[in-house]
Amino acid sequence: MRITNVRAICTAPEGIALVVVKIETSSPGLYGLGCATFTQRPLTVVTAVEQYLRPFLVGKDPAAIEDIWQSAYVSSYWRSGPVLNNALAGVDGALWDIKGKCANLPLYQLFGGKCRDYAALYAHAAGENVHEVEESVRAYMEQGYGYVRCQTAVPGFATYGARRNVTRWQRSAQGEPGDGNREQADPERDAGEEAHKALEGAWEPMPYTRLVPRLFEHLRNQLGDGVELLHDVHERIPPVQALGLAKELEPYNLFFLEDPLAPEDCGYFRTMRQQTTTPIAMGELFVNQAEYVPLIEGRLIDFIRVHVSDIGGISMARKLAAFCEFYGVRTAWHGPGDVSPVGHAANLHLDLACYNFGVQEQHVFNQAAQDVFPGTPEIRDGALWSNDRPGLGVELDEELAARFPIPETPYGGGWPPIRRADGTVVRP
Ligand code: GCO
Ligand code: MG
């Protein structure tokens, strides 16, 4: 059997650009799918796949996953980074999908079988104030969720993960399902750049840093310890404030505090570890193993939040999960709306087969996305369930996918600049 074609397919059924690689083979009807979603720069990934990896791959044996990964990885000489790793991940995922289909087994079986029956999910609770967040957490608890990420708006300021002052696009990029219907009138989407900025508002670290401990104090007072609470700092505050926040949150026993530091500030993790027992999650922005290896071997973090396609896909993620196991670090693969259902399926197979599973981030795909991607993993009782089909278990309706082209968004699809009141741009 040989690889006969490699294509990168873009689709946005929720208004969020998704990229999926499809590898076709000389065996009639046998093809594979892999997630290559870098939602802020999707067309760069398409170029990397179709201009460079396709000529590299056509004619090769699709069974030779590791050799293809290693040789494709160095074929660009300069390697790693989000574009090349996403392209490589799409190929890698598609080859694993093909291998599972050839073996007539779901991928988790090829990875050593199940360590658990399902992957426990964490849902995204948000609100304009502590009461709204509490209400949102309660609703998730009633649906059977044991883990809930809690984000609150900071009155008068833009805040990651909370609805207020956030444009529709940012909401969808932050893991809240889009409407998927491009015809719907949406004044926010149609706002010009200036209006877009006005909707965001300014970001100030101190009001946020002062408010978050009050949020979790309220939640623990109202909800007790019967639910695991998480929070995403989203790398937005100065490192010394992140140290203080992590310490101040200790009494509220978070399951984890995510992205307290930016990748550029990883040097502070050693100090953070010495000062607090709040569990730390990091990694969604990592795009090179040189970033995550020191944090793991130093036992400086507790969960990896890696965007699987940003590190080169399933093959690399399996190696990383195994490496983490030796250091007591658990997995928490990145899984918002800018991971495709194919990518969520890859997360799920890793979740089921890795001993050191921590928790899985949830994204509830709208009906349009589920129609474009038949076999999207099922969410039930606060958990993600495998359909046990061979390979990844997800298909792609290309004709339907074409009806959801990448939408025009301000800033050319990039992450809009969040600025402080004085205009200084801050990290996402
Ligand atoms: C998360 C992430 C996302 C990112 C988004 C960027 O924890 O799920 O922080 O919400 O902001 O994936 O495109
Ligand atoms: Mg995050």
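Which residues does T37 touch, not counting residues up to four places away in sequence? In this predicted model, the list is A17, L18, V19, N86, H307, S309, D338 and S340.

## Around T37

T37 sits in the loop that runs between β3 (31-35) and α1 (42-57). With a relative accessibility of 0%, T37 counts as buried, because the cut-off for that label is under 20%. Its side chain gets to the backbone nitrogen of V19 at 3.0 Å, and V19 also turns up among the residues that T37 touches.

## The β2–β3 hairpin

I23 is the residue standing opposite G32 in β3. The two strands make a hairpin with five residues between them, and in the turn G29 has a positive phi of about 80°.

How buried is β3? Five of its five residues are buried, so the strand is largely enclosed by the rest of the structure. Y31, L33 and C35 point one way from β3, while G32 and G34 point the other way. Both sets are buried.

## The magnesium site

Now for the metal. The magnesium ion (ligand 2) is coordinated at 2.1 Å by D232 (OD), E258 (OE) and E284 (OE). Along the sequence these donor residues follow the spacing D-x25-E-x25-E. D232 belongs to strand β6 (residues 228-232), whereas E284 is in the loop between β8 (280-282) and α11 (289-297), so this pair ties together parts that are 52 residues apart in sequence.

Are D232 and E284 buried or exposed? D232 counts as buried at 1% relative accessibility. E284 is buried too, with a relative accessible area of 13%.

## The chain as a whole

Stepping back, the protein chain has 15 helices and 15 strands. A compact globule with 428 residues would have a radius of gyration near 22 Å, and the 21 Å of this chain agrees with that. Along its principal axes, the C-alpha trace spans about 60 × 50 × 45 Å.

Of the 428 residues, 58% count as buried. Take the contacts between residues at least 6 apart in sequence: 71% of them join residues at least 24 apart. As for the surface, the chain exposes about 16500 Å², and carbon and sulfur atoms supply 50% of that.

Note on methods
Residues numbered from 1 in each chain as written. Chains lettered and ligands numbered in written order. Predicted model: local features only at pLDDT ≥ 70, side-chain atom pairs only at ≥ 80, totals over all residues. Heavy atoms only, no water. Helix = DSSP H or I, 4+ residues; strand = E, 2+ residues; numbered from the N terminus. Buried < 20%, exposed > 50% of the residue type's maximum accessible area, 1.4 Å probe, protein only. Polar contact = N/O pair within 3.5 Å; in protein donor to acceptor, adjacent residues only side chain to side chain. Contact = heavy atoms within 4.5 Å. Donors = N, O, S within 2.8 Å, 3.2 Å for Na, K, Ca; no water. Pairing = 2+ DSSP bridges. Rg over C-alpha atoms; globule rule 2.2 N^0.38 Å. Areas by Shrake-Rupley, 256 points an atom, 1.4 Å probe, with all protein chains shown as cover.
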